[in-house]
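Below are a few numbered points to read alongside the structure.

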Amino acid sequence: MTTPLLEIRDLSARYGHVEALKPTSLTVAEGELVTILGPNGAGKSTLLRAVTRLTPGPGAILFKGRDVSALPTHKLSELGIILVQEGRGLFGDMSVRENLVLGAYNAGGDTAEIAARMEKVFSLFPRLKERLDQKAALMSGGEQQMLAIGRAMMAGPKLLMLDEPSLGLAPRVAGEILETLGELNRQGLGILLVEQKAPLALRLARRVYVLSLGRIVAELPSHEIKSHHDLARYYLH
Amino acid sequence: MRSSRTMTLPVTTSTSGGLPWRHILLAALGVLVVAFAFSANGYVVTVIGFAAIYALFCTGLNFFMGFTGQASFGQNAFAALGGYGSAILTADYGFEPAIALILTMAFSGVVALVVGYPTLRLRGHYLAMATFALGLITYEISINWTDVTQGYMGYSGIPPLGIGPYYADTPKQQLAVILILLALGVLAAAALKNSRFGRACRAIAGSELAAGALGIPVARYKLVSFVIAALYASAAGSLFAHFVGFISPEVFGTAMVVQSFTMLYLGGIGTIAGPLIGAVVVSLLPELMRGLKDYQTIGYLVILLGILIYAPKGVAGLLDRLLPKREG
């Protein structure tokens, strides 16, 4: 059996007295795109924050078989575990260029390497090249999401985690962005995707976890969700 | 092993640029102020000397508050350390003023590191209160530890700036040294702002969470930024001691915090020019309004309020609005 890219075992997290994520286990294989579904307040964002140690909690996190539970966020980023947060987390007062350069903060590389990475990002999102000196706060929602993903790609991720990248976007733009994620996955990038627009996400994902009230209530291949009437009714309509 | 840690901004298809009108205007104003100082009498030299010292202090404070987005109401503590450190080392132990300035800066940096490590775990109002307490504690120590600080009596007999056979004997020579050190301080701040570290600090100011998610060591960089601000404050305190030749606890009291905040916000927090503009305006404006006699303070406050209302990002922000970068 091959070692998963990411494996979490009994990971939990709490905000004060509230246990937002109960002991949870899941895996993401190398080059796999896994989707996490769940209603608001299910603990999806907390799960991603717990994995990146932005909200630390007990449990084991293994990355390529290595226990990284004790590492702080910036060390996980160095290993290639990159999170695109809900709300994008852009630096609004900075230009597109500055945001992208900050994405490569932990990846190292000289100016030429960073420029080469930028060109790769522009090949994914050509619109960013046209907006290079524009302040991030002045861009449209879709462009901001492109920038957030582009900035994450500047870090050279091995595992890209995204928290509702289509949130607040027009369906066409959301579709474009999710298609780009699908393309990145086809190129071999492991992706853990939290998404509300379930039909789109399920089309891309191989497997899906369903989270409810802070715990995983189902794990199944994404094409099987149609056969689970309760899940299909909730997420596909 | 990473190949390089330098991270300059790659230029691909930049469209910004144009004539740096703001820089030309600010440089011309700076030259005017300096020329005015060197052609005027002793009092004007003293006022502009104080403005330059405050500009140095605010440049450091700006790094912590403007670029890194943190709150500190206690940087006066480090100015006090600088002032009293320089006074004691030079007047009591015969150190060269320049050596004393460097030693007290190093000491202040270590104190900032030790104090900042636990304090900077706090955020927002709690951080502001903790740093304010730091300033108050230092103030109380400077009053009550009379064996060392001479309390309310103050510390006199502090020699002017200099090293070896070279001493700035006249106020104008001292002003020249202060202005050179200020220029170095501002250039260092500008270089830091545009460095990899500076961009990371600005990212922390934008969102600590997002900066952390990008792999920026937020806690460590906040601490380094706090230490940088302390180094500037310490240097400003030392310069004040050598410039005036006398210090007392009130010099580094709460009024210093209020004064520096006024300068920072009026000049334009988060900009390189802001602390300089703020220090000059806040220092010179009351002097220029002496003719109003009893109404001097009222007139001064009306102008300050007017600037803050109509230029909420400070004078530097107003210049940005009036003289934007040319696109093309």
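What covers the buried residues of α6(A)?

1. A word on conventions. This is a predicted model, in which local features need pLDDT of at least 70 and side-chain atom pairs count only at pLDDT 80 or more, while totals for chains, interfaces and linings use all residues. Residues are numbered from 1 along each chain as its sequence is written, and chains are lettered from A and ligands numbered from 1 in the order in which they are written.

2. Now to the opening question. The cover of the buried residues in α6(A) includes β6 (81-84), α3 (96-103), α4 (111-124), α5 (126-130), β7 (159-163) and α7 (171-186) of chain A. Helices (H or I, at least four residues) and strands (E, at least two) are DSSP runs, numbered from the N terminus; contact requires C-beta atoms, placed from the backbone, within 7 Å.

3. Of the 14 residues in α6(A), 12 are buried (20 or more other C-beta atoms within 10 Å; exposed is 12 or fewer, partly exposed in between, with C-beta atoms placed from the backbone). Among them are M146(A), L147(A), I149(A) and also R151(A). The helix, residues 141-154, spans 20 Å from first C-alpha to last, close to the 20 Å expected (1.5 Å times one less than the number of residues). Just after α6(A), G156(A) has a positive phi of about 65°.

4. For contrast, look at A112(A), which sits in helix α4 of chain A. A112(A) counts as exposed because it has 10 other C-beta atoms within 10 Å.

5. Chain A also holds an open sheet of 4 strands, ordered β2-β1-β4-β5 with antiparallel pairing (strands pair if DSSP finds at least two bridges between them). Its edge strands, each pairing on one side only, are β2 (18-28) and β5 (66-67) of chain A. Helix α1 (residues 44-51) of chain A packs on this sheet, touching β1, β2 and β4 (60-63), and its direction makes about 70° with that of β2(A). Strand β1 (residues 6-15) of chain A joins β2(A) over 6 bridges, and E7(A) stands opposite T27(A).

6. Over in chain B, helices α8 (residues 196-206) and α10 (residues 218-244) pack at about 110°, axes 10 Å apart (axes are lines fitted to C-alpha atoms, for helices over the stretch in contact, and angles run from 0 to 180 degrees between N-to-C directions). α8(B) is therefore roughly perpendicular to α10(B) (65 to 115 degrees; under 35 is roughly parallel, over 145 roughly antiparallel, the rest oblique). F197(B), A200(B), C201(B) and I204(B) of α8(B) meet V218(B), Y221(B), K222(B) and S225(B) of α10(B).

Conventions
Two residues are in contact if their C-beta atoms, placed from the backbone, lie within 7 Å.
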